[in-house]
Amino acid sequence: SYSFCTLLGMPEGLPRMLSTPLTNGARSRRRVAVYGGAYDPITNAHLQCAAQIIHSKAADEVIIVPCGPRPDKPGLRTSVLDRYVMCQIAVNTAFSPGFPVQVSDAEVNCEVALATFDLLSHLRDSMDADLVFVIGSDWLQPQIGSDIRTWRSSEGATGRRLVDEFNFLVIKRPGYEVEDLSVFGPRFEWLKMPDGMNYIDSNLSSTEIRSRAANSADDRLQIIDGLVQPGVLAFVKRRSLYKRDENSPRNAGK
């Protein structure tokens with residue numbers, strides 16, 4: 001079962017906030033892209049993706065939502081609070097003031113991560129905006145058992161409701177082709193860049209960052225310098241987040 005916390009899609013207390021909402025074309029309400037993930041840690045590739053969602057005009061705003069604890073991912077070794085802080089550091093140092101990328105603390109106080117349907121339902125109730133959930137094409141591969149329509153939530157099998165009630169912005173992932181996006185429903189759309197612009201892809205992963213940090217004999221962690229924001233690097237070093245220490249609480253359940 002899922003433990004629910006107070007969900008704040010655009011809480012007033014967050015350090016990163018917009019002074020005025022943006023509008024895009026004829027849209028009368030903000031379109032907010034919900035970009036969820038573990039962010040263990042947040043990388044420059046995550047920031048690049050968030051920026052390009054704004055550049056594409058697919059959304060007026062992006063909110064990065066680090067997930068709560070994941071019992072299904074025992075390797076998720078870093079607390080949600082540490083991951084949230086790293087996201088805040090990254091967003092507030094990577095982007096110019098006023099650039100519409102935020103970090104949400106929606107799951108910071110949750111005992112476990114919220115299922116996507118539960119998270120989006122609560123954000124929908126708490127935000128005056130149209131939501132679009134960001135996914136990769138690797139989540140649309142039923143032939144290998146990866147199908148968003150089969151996802152579950154605190155209410156049971158709600159995958160069909162998920163795709164019926166919410167919009168999805170799909171980013172193409174190399175090796176994960178989708179011949180016909182409409183097969184999954186009318187609320188799915190590809191992320192497309194405006195004419196004259198190409199989407200800049202990156203295969204940099206949090207897994208690679210953790211592996212490099214864990215195997216580095218250099219306490220300065222220069223092996224991940226340039227792959228995460230300098231403030232995130234400093235936080236990782238200060239908290240010794242990814243060192244190989246079997247006695248560390250962060251490695252419990254590894």
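The model is a predicted one.

Start with the overall picture. The protein chain holds six helices and ten strands. Of its 254 residues, 49% are buried. Among contacts with a separation of 6 or more, 72% are between residues 24 or more positions apart.

Next come the strands. In β1 (residues 31-37), five of the seven residues are buried, so this strand is largely enclosed by the rest of the structure. On the β2 side, β1 pairs in the parallel sense with residues 61-66 over six bridges, and Tyr 35 has Ile 64 as its bridge partner there. From β4 (residues 130-136), five bridges lead on to β9, with the two strands running parallel. Val 134 has Leu 169 as its bridge partner in β9. Leu 169 also stands opposite Glu 189 in β10, where β9 and β10 (residues 188-190) pair in the parallel sense over three bridges.

How many of the residues of β9 are buried? Five of the five in residues 167-171 are, so β9 is largely enclosed by the rest of the structure. The cover is on both faces: Asn 167, Leu 169 and Ile 171 are buried on one side, and Phe 168 and Val 170 are buried on the other.

Then there is the matter of what packs with what. In soluble globular proteins, nonpolar side chains tend to be buried together. In this model the largest nonpolar core has 40 residues, and the ones with the most contacts inside it are Tyr 35, Ile 42, Ile 53, Val 62, Ile 64, Met 86 and Val 101. Take Ile 42 as a case: leaving aside residues up to four places away in sequence, it touches Leu 47, Ile 64, Met 86, Cys 87, Ala 90, Val 228 and Val 232. A second, separate core has 28 residues, including Phe 117, Phe 133, Ile 135 and Phe 188.

Searching the whole structure turns up eight aromatic pairs. One of them joins Tyr 35 and Tyr 39: the ring centres are 5.8 Å apart and the planes sit at 90°, so the pair is edge-to-face. Tyr 35 and Tyr 39 are both buried. Another edge-to-face pair is made by Trp 139 and Trp 151, at 5.0 Å centre to centre with 65° between the planes. Trp 139 is in the loop between β4 and β5 (140-141), while Trp 151 is in the loop between β6 (146-147) and β7 (152-153), so the pair ties together parts that are twelve residues apart in sequence.

Are these two tryptophans buried or partly exposed? Trp 139 has a relative accessibility of 30% and counts as partly exposed. Trp 151 is partly exposed as well, at 24%. Ring pairs also link Trp 139 and Trp 151 with Phe 133, Phe 168, Phe 184 and Phe 188 into a cluster. Finally, there is a charge over a ring: the charged end of Lys 172 sits over Trp 190, 5.0 Å from the ring centre.

Technical notes:
Residues are numbered from 1 along each chain as its sequence is written. This is a predicted model: local features need pLDDT of at least 70, side-chain atom pairs count only at pLDDT 80 or more; totals for chains, interfaces and linings use all residues. Side-chain values use heavy atoms; hydrogens and water are left out. Buried means under 20% relative accessible area, exposed over 50%, partly exposed in between (1.4 Å probe, protein chains only). Helices (H or I, at least four residues) and strands (E, at least two) are DSSP runs, numbered from the N terminus. Two strands pair if DSSP finds at least two bridges between them. Rings of Phe, Tyr and Trp (its six-membered ring) pair if their centres lie within 6.5 Å; planes under 30 degrees apart count as stacked, over 60 as edge-to-face and the rest as tilted. A charge sits over a ring if NZ of Lys or CZ of Arg is within 6 Å of the ring centre and within 35 degrees of the ring normal. Contact means heavy atoms within 4.5 Å. A nonpolar core is a set of buried Ala, Val, Leu, Ile, Met, Phe, Trp, Tyr and Cys residues joined through side-chain atoms within 4.5 Å.
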